[in-house]
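Colleague: I'd like to learn how to read the ligand site and the aromatic contacts in a model like this one. Could you take me through it?

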Amino acid sequence: MNRRSFLRRSALAAAAGLALPYRPLHAGLFRPVSRVRRDLDVVTGDGRTVTLANNVVAEFAQALRGRVLLRGEDGYDDARRILNPSFDKYPALIAQVTGAADVATAVDFARDNGGLLLAVKCGGHSASGQSSCDGGMMIDLSPFRGVRVDPFARTARVTGGTLLGALDHEAMAHGLVTTMGTVSHTGVGGLVTGGGFGRLGRRFGLSVDNLLSVDVVGADGRLRHATEDENADLFWGVRGGGGNFGVVTSFEFRLHSMQREVVFGDILFPLARARDVLGLYGEYGPGAPDQLALGAVVVQPAGGAPGLAGFNLCWSGDPNSLERVIAPIRALGTPIADTLASMDYVAVQRSGDISDPRAVGQYIKSGFIPNLPAGLVSAIADRFEGDPRRDTILAFQQGGGAIARVAPGATAFAQRDAMANLLCFVNWPNGEDPADHVAWIREFWIGLEPFTHGFYVNDLDADMTAATIRENYRQNHERLVAVKNEYDPRNLFRLNANVQPTV
Ligand code: FAD
């Protein structure tokens, strides 16, 4: 160090009232000051309780660039909450991570302290509340958000806590897209590891079909890069096996050129036409052009407004061809609402966003359907029943097209043959007793379930048993177990559609 820089440092140190040796001025800004003052009882994955001494937790907090939050501390309530307020869980501690290094430190901590029950939260949309837990530890990825698009290579790198709206927004700035889900505040972390359906799925495949590489922190705390050629089993497993193998800290996607303007909207008929709408969806939907994202909906809104049945569509093909493409829908007659209009694709992707997500509780039943036969149309149309105290909604996430052109064993996502994912859900004002609504949907679903063939791991619901989950992975289950045995032999990552290790 020359004299001048020594003097400058000394002056800075003196001005800051610091004793030599020199301590960087920014040190206190980036290192969290631990406020941990008590021992913590924490639940483990196998249901024991371990007591962590306060200095152990304090050292963990010091090792992170992000924060450790305990119950009662500022930010704890926001961090612990997930979208669906029906899941009101209280982790013993929350690690808010800012990067892959923090993720690895947090995973090491959970593993080395008795195998703590570990939840991983990205966007918090888990339908069964898997991204939070009572008494265990949560890794909250929400401070770890970022997207970098390379418009020349047509790729995007997305960090593990990013919400999908950020990717749509950044990519479309270059006239580029990839398949993402239909609500922009859904997490890339959960959506993509489970598969990733969206409006562009029939054109470009599932989100997983557009992955070029991932970085994953496994249960051993090591960060691995995985591609078709490197750690290929891990890359295969992460594409449909959910969060079973570790925390994905980086996703690299292939992007596709697409125009910004698409045609988007609803064509809706009275609920009494549900049979016609569903019949047409079953006949026409599977063979429609790949540029047509077509969903059928049957809805009875809360408050007693009239029920509706119809279509939601997004057309990313030539606008002049649209009327020819949707002629079969027009043939159903005059709708009571037709909102089709040219729209910015990024705005379309935000159109389903929920302004106050915690205002409604939700319960969902879902399953893949290979087709929509007359028996299923009747099971829906004859038994669908609204209630003014809730929204009652039946909808479809479309399969087929490019999704079905990928072999079932090419990625861990096994349900390539599905025509659609059939979703039925009830929403009620948060705080009101959901018992009647949950009972209704369970009863309704009994009539629909025989027509389903497995379920989407991202819509896992609490009624599913380990055996149902195992069967659902079909021919891919054996390989998934082998990948699990290698990367998470003690099942640290168990809050998901769990693949149980056998070692
Ligand atoms: P979180 O609750 O944060 O995470 C869910 C699970 O994902 C976690 O328990 C964990 O196991 C895993 N996980 C999260 N981040 C990571 C990571 N970085 N690495 C490894 N594992 C991780 N699905 C579709 O395919 N298409 C849709 O259009 C669609 N729309 C939806 C709209 C709404 C309003 C909701 C509630 C759900 C929707 N889903 C859709 C389902 C959605 O894909 C799943 O709920 C998904 O799990 C949400 O991901 P998340 O990160 O928001 O959830």
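Modeller: Gladly! Let's begin with polar contacts: a polar contact is a pair of N or O atoms within 3.5 Å. Keep in mind that this is a predicted model. Here a nitrogen atom of the ligand is 3.2 Å from a polar backbone atom of Gly160, which falls within that cut-off.

Colleague: Which residues have a backbone N or O atom 3.1 Å from an oxygen atom of the ligand?

Modeller: His125 is one, with a backbone N or O atom at 3.1 Å from a ligand oxygen. Gly190 also places a backbone N or O atom 3.1 Å from an oxygen atom of the ligand. As for cover, the ligand taken alone exposes 960 Å², and the protein buries 92% of that.

Colleague: Now the rings. How many aromatic pairs does the whole structure hold?

Modeller: The search finds 13. To read one, take the distance between centres and the angle between planes; over 60 degrees counts as edge-to-face. Phe197 and Phe368 form a tilted pair, 6.0 Å centre to centre with 40 degrees between the planes. Phe197 lies in the loop between H7 and helix H8 (201-204) and Phe368 in strand S19 (residues 360-369), so this pair ties together parts 171 residues apart in sequence.

Colleague: What other pair does Phe368 form, and how are the planes set?

Modeller: Phe368 also pairs edge-to-face with Phe413, at 6.0 Å centre to centre and 90 degrees between the planes. Phe413 sits in the loop between strand S20 (391-398) and strand S21 (420-429), 45 residues from Phe368.

Colleague: Are Phe368 and Phe413 buried or exposed?

Modeller: Buried means under 20% relative accessible area. Phe368 counts as buried because its relative accessibility is 1%, and Phe413 is buried at 4%.

Colleague: Where do charges sit over rings?

Modeller: The charged end of Arg479 sits over the ring of Trp236, 4.2 Å from its centre. Arg273 lies over the face of Phe269, at 5.5 Å from the ring centre.

Note on methods
Residues are numbered from 1 along each chain as its sequence is written. This is a predicted model: local features need pLDDT of at least 70, side-chain atom pairs count only at pLDDT 80 or more; totals for chains, interfaces and linings use all residues. Side-chain values use heavy atoms; hydrogens and water are left out. A polar contact is a pair of N or O atoms within 3.5 Å; within protein, one must be able to donate a hydrogen and the other to accept it, and residues adjacent in sequence count only if both atoms are side-chain atoms. Accessible areas come from the Shrake-Rupley method with a 1.4 Å probe; for residues, only the protein chains shown count as cover. Rings of Phe, Tyr and Trp (its six-membered ring) pair if their centres lie within 6.5 Å; planes under 30 degrees apart count as stacked, over 60 as edge-to-face and the rest as tilted. Helices (H or I, at least four residues) and strands (E, at least two) are DSSP runs, numbered from the N terminus. Buried means under 20% relative accessible area, exposed over 50%, partly exposed in between (1.4 Å probe, protein chains only). A charge sits over a ring if NZ of Lys or CZ of Arg is within 6 Å of the ring centre and within 35 degrees of the ring normal.
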